[in-house]
Amino acid sequence: MAQSLLQSSTATLMARATATETGYSTAQLPPKTRNSRVLILGGSGRVGGSTAIALSNLSPQLQIVVGCRNREKGAAMVDKLGKNSEIAQVNIDNMDSLETALRDVDLVVHAAGPFQQAEKCTVLEAAIETKTAYVDVCDDTSYAFRAKSLNNRAKAANVPAITTSGICPGVSNVMAAELVRAARSESKGEPKRLRFSYYTAGTGGTGPTVLATSFLLLGEEVVAYNKGEKIKLKPYSGMLSVDFGKGIKTKDVFLLNLPEVRSTHEVLGVPTVSARFGSAPFFWNWGMAAMTKLLPAEYLRDRSKVQELVKWFYPVVRAVDGIAGERFSMRVDLECSDGRNTVGVFSHKKLSVSVGTATAAFALAVLEGSTQPGVWFPEEPEGIAIEARELLLERAAQGTTNFVMNKAPWMVETGDEPKRGWIRNIRLNVQKRKRN
Ligand SMILES: NC(=O)c1ccc[n+]([C@@H]2O[C@H](COP(=O)([O-])OP(=O)(O)OC[C@H]3O[C@@H](n4cnc5c(N)ncnc54)[C@H](OP(=O)(O)O)[C@@H]3O)[C@@H](O)[C@H]2O)c1
């Protein structure tokens, strides 16, 4: 199956977009992969479901298989997708169930998180075993590098695989790769510092697993790079106020341990890299910072304890989402040795929709033959070929409220002062007075 994907490597250049009544521009897949069967694990969840919808809109001839444990939830998704879709009951913790489900599909999209503290890359192993192309939306460093360690096995099996696709990581890695490429080709000096900043109102409309992911990440020390040195920092520390441009303006963001920091440091060779995340309303940031202080790290790294915590928190968080909205923005900053800075900004009204469109864009790139056999990060040219990046970004950016690349910061910034809430402003004023 994977072989047929590879034979169509020129297809990316041939891909032409046609606007449809769904608002998506449909992709012209090569004849060999046009009717491919794509299994979406976690297809009944928010990210997987949104990916299924985006894929069937972008390429209506694909056969979408919704992989889930809970049949009812899977059936509801199949009803939404209509013809060309079906359910497969799969438990990713059971290798037999996985291999059976993968046996007759061409591509598997793994969105059945959480990826944090998982012991094995079962889905990727089954994909290699059954020679099925693979894409995941992993947002965990250990998991992503364990997946990467299967590179030679995937190469030997002729299986193309991308780990850490999605929006952030995923599209953010490709944005970083393009900023670095542009800087080097325009002789702006050597790329010196790369900074990823992400903002989501509430959960961005994603599912309970994303909340579990956030809590599990609070239990991990943050790995960042400073002038080539690996450094370890406290989670949800190192606040920065970042201007995300029109529609979002300035928001506070905090350090988190995310895989794109290590992968872009290693792949793109940028010596200083960090990633930060912030939420709204502002008290979610306080809550996250308080959790890292009040709960022991071992507690926050325990998947079953965190799942229990999520049962309590999720209804409250979803209720606040109703007021806060689901907006999402990311900004990637590149600083070069000649002092010139360039940025990329990507904003959308709904994270849950945007992550599906982005993941679908990666799946289409694999079906178009842009990915070599092996396991790749999105910024590696063997993962998304350099000439396929523009199309990937164009597809992923459908529905965005703001998408700019390779601009000077002043061209995207609003100059807005962060709104932090009156209690925080009083605290900051007291701190300022004490310092003076
Ligand atoms: N890279 C990115 O840009 C990005 C962005 C956002 C989120 N994410 C990641 O996306 C993942 C999913 O988030 P979400 O909001 O979609 O969560 P969600 O709505 O809670 O959905 C999780 C899905 O995973 C399935 N699942 C869980 N355990 C499974 C197992 N053992 N076997 C089979 N299926 C299983 C669930 O199916 P059942 O209900 O049938 O059990 C459900 O469909 C998270 O891990 C998150 O970190 C990545």
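The model is predicted: local features need pLDDT of at least 70, side-chain atom pairs count only at pLDDT 80 or more, and totals for chains, interfaces and linings use all residues. Residues are numbered from 1 along each chain as its sequence is written.

**Around the ligand**

- The ligand is surrounded by 34 residues. The closest are Gly45, Gly113, Gly166, Gly207 and Thr209.
- Two or more shell residues come from each of α4 (46–58), α10 (167–185) and α11 (208–218). Helices are DSSP runs of H or I with at least four residues, strands are runs of E with at least two, and both are numbered from the N terminus.
- The shell holds 16 nonpolar, 13 polar and five charged residues. Asp, Glu, Lys and Arg count as charged; Ala, Val, Leu, Ile, Met, Phe, Trp, Tyr, Cys and Pro as nonpolar; the others, Gly among them, as polar.
- Domain 1 (2–167 + 352–396) and domain 2 (180–351 + 400–435) each give at least three residues to the shell. These bounds come from an automatic or database domain assignment.

- Strand β3 (residues 37–41) runs parallel to β6, joined by four bridges. Strands pair if DSSP finds at least two bridges between them. Val38 stands opposite Leu107.
- Four bridges also join β6 to the parallel strand β7 (residues 133–136). Here Leu107 stands opposite Ala133.

Note on methods. A residue is near a molecule or strand if its C-beta atom, placed from the backbone, lies within 6 Å of it.
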